[in-house]
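Morning, everyone. Please take a look at the model on the screen before I start.

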Amino acid sequence: MIHFERFKLENGLTVLFHKDITTPMAVVNVLYDVGARDESEDKTGFAHLFEHLMFGGSINIPDFDAPLQHAGGESNAFTSNDITNYYDVLPAHNLETALWLESDRMLSLAFTPKSLEVQRNVVIEEFKQRYLNQPYGDVWLELRPLAYRVHPYKWATIGKEIKHIEDATMEDVKSFFAKHYNPSNAILCVGGNFELEYVKEVVEKWFGEIPSGSKPARVLEAEPEQKEFREKLIERNVPADAFYYAFKMPERKNAGYYMADVLSDALGRDKSSRLYASLKKEQKLVSEIGAYITGSLDNGLLIIGGKLNEGVSFNMFDKALWEVLEKLKNEIMDDTELDRLMIKIRTAREFQEQGLLNRAMNLCQFELLGDANGINEEHEIYYSITPKDVQRMAKEILKPTNCSLLKVKSNQNAES
Amino acid sequence: MLNRKKAPELQNIGNIDFVKPHVYDITEKCHLFFMNEVPNDTSRIDLHFDAGSGLGELGIASFVGGLLFSGTAEKSSIQISNELDALGAFYESNVAHEQAMITVYALKENIVPILRIIKDAVDNVSFHEDEVQEMLNDRKQKFRVNMGKVSFLAQRKFQEKLLSGTPYGRIVEEDVYDNVSISAIKRFHKENYLDGLTKVVLVGDLNQDEVDEIIDIAQKNFNAKSGDRKISMADLIVLGGCAAIEKSAKDAGYTIKVPFTPGRMDALQEQTDVESFEALRPSADGFRNYSKGKYTFSTEELLVDKAQLLTLTAPEMTVLVGGLRVLDGNYDHSRHGVFTKNVGTLNNDFFVNLLDMSTSWKAIDDSQEIFEGRDRKTGSVKWTATRADLIFGSHSELRAIAEVYASSDAKEKFVKDFISAWDKVMNLDRFDVKK
């Protein structure tokens, strides 16, 4: 059971406090309800670019990292298609340093041309190195538009193309900040060995005077139901043929989300999973294979991905894969298999909850879903899942008309 | 109004409560470090092995590390994964330069049975050919993927430019995946995993019974081996010699410990350049009264030559020959130079009888290699000897040394000097042992 207290400032900032008496460290986590899905299609990559700008100095503090490091702390952030999350970890008695820094960059950034220039270059370089200039790097740039036709999940957080980043102006940046970075669009979690009254006092002190702004309304076009099998083949200078089967799955708040998660575990979480045991160890068709879900808030994807062994064709593999999938749809799995999946889920959860930072982050994410207490209810949802549920979910989503297949063909052999 | 330009006051860290582990012996040198202050059900165990990538031929450490769960004679790799996953285990093996490590994350209630499965899998891994080949193919593919990443290339260049010539500068090329033998893999596993557990770190809110059980499982390997505790053939030969000398000295009335330092390694024929060893075959060895044939050099000259190759001083050479003769050390167990009635007892009879004026020495033939020593009074043959024996009576400098050892008050000195000369020879090639 993870205890927490919730209070709201007048400007709309939601604050969670999680008390942990076992650690001398404190965590300050700030989740902004903005991700790549909130970008306009002609200006993609902004949420992520913004994450970088947030470390480029705020209105009253020229440098974010140095004061935090002087306080014995460290910090990082990540951007997804759904959210942008910032966190600081530091010795508990220096908590105010983190609140000072986080509140000032929520108040306003410095918006210096130099900072924009530097971070733009950093992000462009990241785009090149991670998405263009490494084997299989552009897979998500190709797979997303194949699986999504309308919903903004069709572009990656790094952006659709480099040009959008290159063209980012100071005006764009300022309006993005004004729209999304304000107290009513954020959730703050403070974790550590404190008293609630103290936390209330210092949070009010640093965040209370930030103007409230308004929570931007999110109107996203829903992705229409997929009715046909989609397939794309790209040739790349990569050492092995690779495959990515993307199946649409229920959104985060749907109970089916958890069933799809368990389904992906059964397919390809561990070395005892069905795909690994059958397609790699028994039939020796692949060098690697796995299955996972994207964990998206809106309708996400269950991905089966891997690489073919030399001499194995996409068709041979495809046939063998569907046999495994059909079996899961046609025969109910036995309890031993489900027990094996559940103990893994339980073990993973215990380890995740061990870290104060993870707890703080997860509390913010569940609060975003509607109630931070979801963190304490989630495992019950998992444990209530039956073999029948998994089968039903398999039947519902593991079908060709719900599938987008990206094949990456190696052209290295052709060259040599 | 809040001054936002002013940073909140900082407080320095007063003190840190570092967790102090409980330490238990697994063996004399291998310890378990246990930390139990964990407020939840998680547990972690690390097994450290002296099996880092700095050891062995290039790539081998990493291959063996990747095959630790690839199956035993009893269980396939899938069975092992099934058993471990059924207990909710997250596990991995990592090979760093200095060491290799197996890490297990699990709920505390499962950590003991998991460790039992892991230990069995790692100790008894059979390195089935299919599994080895699969791992090599997978690794080769990953290597090719990595060669397309700038970070990987930069790391390689860095190692090459900055660390070349050091143990950290070794860089894997693709052919490594084609040129590894299963026997090399098995040997590395035997030497560095079966023999290589250096440390176990355990974290979790476990009770004493569970900790004891974990120590027990970790010990299994060591205990199982104590029945046929491994010793190299080279060490065994030397140890045998040392024990024999201790016994001989005891028979002579002196209880003295002959030093022994283990650590000599054996080499298989396949690791050996046979031709180069042929060149090392001795043509003569006066210490054991051996000669391959006739030479233009005299036998005693060849003895001295051998002695200087062994870096022996004249007294060391003298005492060694005298001792080896009475210990029946001739290569063919002939009686030449064995001037004693108590063969096998470490005494100075060789010198006493060599210098005995009542014996008259004469060559048995014109080659003047073998001599007979007759009693001047009766004319009966008392002893036989070679040139390598009699030189200690005929050469003035060596005779002086022989006279010292022949003295009736030098019996103990003889035993001690012999043992120290013996020890010197036994450790001549031990560059691995600190002097």
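First, the ground rules. This is a predicted model, where local features need pLDDT of at least 70 and side-chain atom pairs count only at pLDDT 80 or more, while totals for chains, interfaces and linings use all residues. Residues are numbered from 1 along each chain as its sequence is written, chains are lettered from A and ligands numbered from 1 in the order in which they are written, and side-chain values use heavy atoms, leaving out hydrogens and water.

Now the interface. The size of an interface is often given as the accessible area lost when the parts come together. Here, chain B and chain A bury about 3900 Å² between them. That is accessible area (1.4 Å probe) lost on putting the two parts together, summed over both. Carbon and sulfur atoms give 56% of it. On the chain B side, 43 residues touch 49 residues of chain A. Contact means heavy atoms within 4.5 Å.

Next, charges. How many salt bridges cross the interface of chain B and chain A? The rule finds 12. The rule asks for a side-chain nitrogen of Lys or Arg within 4 Å of a carboxyl oxygen of Asp or Glu. One joins Lys142(B) to Glu288(A), at 3.9 Å from N to O. Over all chains, the whole structure has 65 salt bridges. Another one pairs Lys154(A) with Glu41(A), with the closest N and O atoms 3.1 Å apart. This pair links distant parts of the chain, 113 residues apart. Lys154(A) sits in the loop between α5 and α6 of chain A, and Glu41(A) in the loop between β3 and α1 of chain A. Those labels come from DSSP runs, numbered from the N terminus: helices are H or I with at least four residues, strands are E with at least two.

Now the helices. Two packed helices are described by the angle between their axes and the distance between the axes. Axes are lines fitted to C-alpha atoms, for helices over the stretch in contact, and angles run from 0 to 180 degrees between N-to-C directions.

Start in chain B. Helix α11 (residues 314-326) and helix α13 (residues 387-394) of chain B pack at about 130°, axes 11 Å apart. That makes α11(B) oblique to α13(B). Under 35 degrees counts as roughly parallel, over 145 as roughly antiparallel, 65 to 115 as roughly perpendicular, and the rest as oblique. Met317(B), Thr318(B), Val321(B) and Arg325(B) of α11(B) meet Ala388(B), Asp389(B) and Phe392(B) of α13(B).

α11(B) also packs on α14(B), residues 396-406. Their axes come within 10 Å and cross at roughly 60°. So α11(B) and α14(B) are oblique to each other too.

Last, chain A. What is the angle between α9(A) and α15(A)? Helix α9 (residues 255-268) and helix α15 (residues 387-397) of chain A cross at roughly 90°, with axes within 9 Å. That makes α9(A) roughly perpendicular to α15(A).
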